[in-house]
Amino acid sequence: MAALRKAQLRTGSLVLVLLVAGILAAVNIIAQRFFFRLDLTEDKRHSVAPATRAILEGMDDVIGIDVYFSRDLPPYLTTLRREVEDTLDEYRAFSKGNLSVEFKDPGDDPVTRERLRALGIPEIQLEILEKDQFRLTTAYMGIALRYGGRSEAIPVVQNTSRLEYELTSAILRLTTEERKSVGWIGGSRQGAAPAAANPLQRELAKFYEIESLQTDGLREIPDGIDTLVLVGPRDLPDEARFAVDQFLMGGGRVIFLVDHFSMAAGGVYPAPVESGVHDLLEGYGVRVNRDVVIEPASNAPASFSSGIMQFRLPYPFWPRVTRGFLN
């Protein structure tokens with residue numbers, strides 16, 4: 001009787017082990033087919049944007065990512081390294097195996113240091129507090145991406161607030177075979193503002209071929225331009241308005257960055273301006289009101305002068321956009 005009971009116990013234990021193993025195998029198979037991740041933080045700091053996720057899931061070849069972080073970083077940067085690792089883990093998970101990530105310590109190897117200089121990743125100086133004294137040390141904190149014989153670099157990772165944007169931008173530049181063209185109409189009839197003076201134009205130039213267009217004498221938008229950007233137009237001539245309208249009616253895409261007001265240098269109040277495109281927009285069913293956004297509580301300070309006096313005041317026409325208010 002005792003022998004029979006022992007045999008039953010052994011059989012029951014074996015069945016239990018096999019059952020648990022079967023459940024684990026089934027969960028593994030389901031997880032591979034139906035992958036998902038949960039971010040329980042309130043501001044979703046560990047989640048990538050839907051656009052980034054779509055790019056990663058659409059990759060069909062492997063991109064190599066080499067993270068060059070020196071081993072002996074100051075204690076206050078250890079959290080940064082962990083945040084970079086977490087971000088890249090998220091990228092790797094959604095890429096379905098098409099991202100190869102490796103952390104490397106350049107150390108004192110002269111060959112590696114020369115390669116990093118060629119990639120545009122500099123050796124930076126950091127300040128360390130030891131025994132109530134500050135001393136300087138050198139380190140690397142950059143990222144290199146490799147694909148198809150080409151490379152992109154993030155020279156220095158100072159924080160992770162822009163890391164997703166920089167990583168996704170680099171992946172797009174590496175995997176895009178042909179750059180599209182963007183027509184740029186600047187804020188005056190004399191033509192476009194130089195790229196160095198406009199941060200939007202600088203950012204777009206990283207992904208697109210920018211073609212500046214003169215408004216005087218503009219009768220049609222040149223062939224090959226996929227999207228047109230109008231930045232703060234002033235009294236756009238009739239011929240240029242017609243060219244923009246025909247481009248849009250022909251299936252082109254236009255981004256209008258227009259307003260009803262301008263701010264003179266050193267001035268305090270906004271002055272009305274005419275863009276020359278507001279009635280054009282109304283023909284498409286879009287109306288830009290003659291309104292001014294004022295934020296009395298959360299705004300940036302502005303400097304003003306009155307004769308020999310200079311002063312700084314909270315300026316309600318310049319809302320301060322903080323992390324909690326902007327995605």
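Colleague: Is the crossing of H2 and H5 left-handed or right-handed?

Modeller: The crossing of H2 and H5 is left-handed, a term used if the near helix is turned anticlockwise from the far one by less than a right angle, whereas clockwise makes a crossing right-handed. Please keep in mind that this is a predicted model, in which local features need pLDDT of at least 70 and side-chain atom pairs count only at pLDDT 80 or more, while totals for chains, interfaces and linings use all residues. Residues are numbered from 1 along each chain as its sequence is written, and side-chain values use heavy atoms, with hydrogens and water left out.

Colleague: At what angle do H2 and H5 pack, and how far apart are their axes?

Modeller: Helix H2, residues 50–57, packs with H5 at an angle of about 35 degrees, and their axes are 11 Å apart. The axes are lines fitted to C-alpha atoms, for helices over the stretch in contact, and angles run from 0 to 180 degrees between N-to-C directions. Helices (H or I, at least four residues) and strands (E, at least two) are DSSP runs, numbered from the N terminus.

Colleague: Which residues make that contact?

Modeller: From H2 they are Thr 52, Ile 55 and Leu 56, and from H5 they are Glu 164, Thr 168, Ile 171 and Leu 172, where contact means heavy atoms within 4.5 Å. These residues divide into four nonpolar, two polar and one charged, with Ala, Val, Leu, Ile, Met, Phe, Trp, Tyr, Cys and Pro counted as nonpolar, Asp, Glu, Lys and Arg as charged, and the others, Gly among them, as polar.

Colleague: Changing topic, how many residues are in the largest nonpolar core?

Modeller: That core has 30 residues, and those with the most contacts inside it are Ile 65, Val 84 and Ile 143. A nonpolar core here is a set of buried Ala, Val, Leu, Ile, Met, Phe, Trp, Tyr and Cys residues joined through side-chain atoms within 4.5 Å. Elements that each supply at least two residues of this core include strand E1 (63–69), helix H3 (78–94) and helix H5 (163–175).

Colleague: What does Ile 65 touch?

Modeller: Beyond neighbours within four places in sequence, the contacts of Ile 65 include Leu 88, Leu 99, Val 101, Ile 143 and Leu 145. There is also a second, separate core of 17 residues, which includes Ile 185, Ala 243, Val 254 and Leu 280.

Colleague: And Gln 125, where is that found?

Modeller: Gln 125 is found in strand E3 and, at a relative accessible area of 58%, is exposed. Not counting residues up to four places away in sequence, Gln 125 touches Leu 136, Thr 137 and Thr 138.

Colleague: Which loop holds Lys 96?

Modeller: Lys 96 is in the loop between H3 and E2, with phi near 55 degrees, a positive value in a residue other than glycine. Asp 235, in the loop between strand E9 (225–231) and helix H7 (238–249), also has a positive phi, near 50 degrees.

Terms used
Buried < 20%, exposed > 50% of the residue type's maximum accessible area, 1.4 Å probe, protein only.
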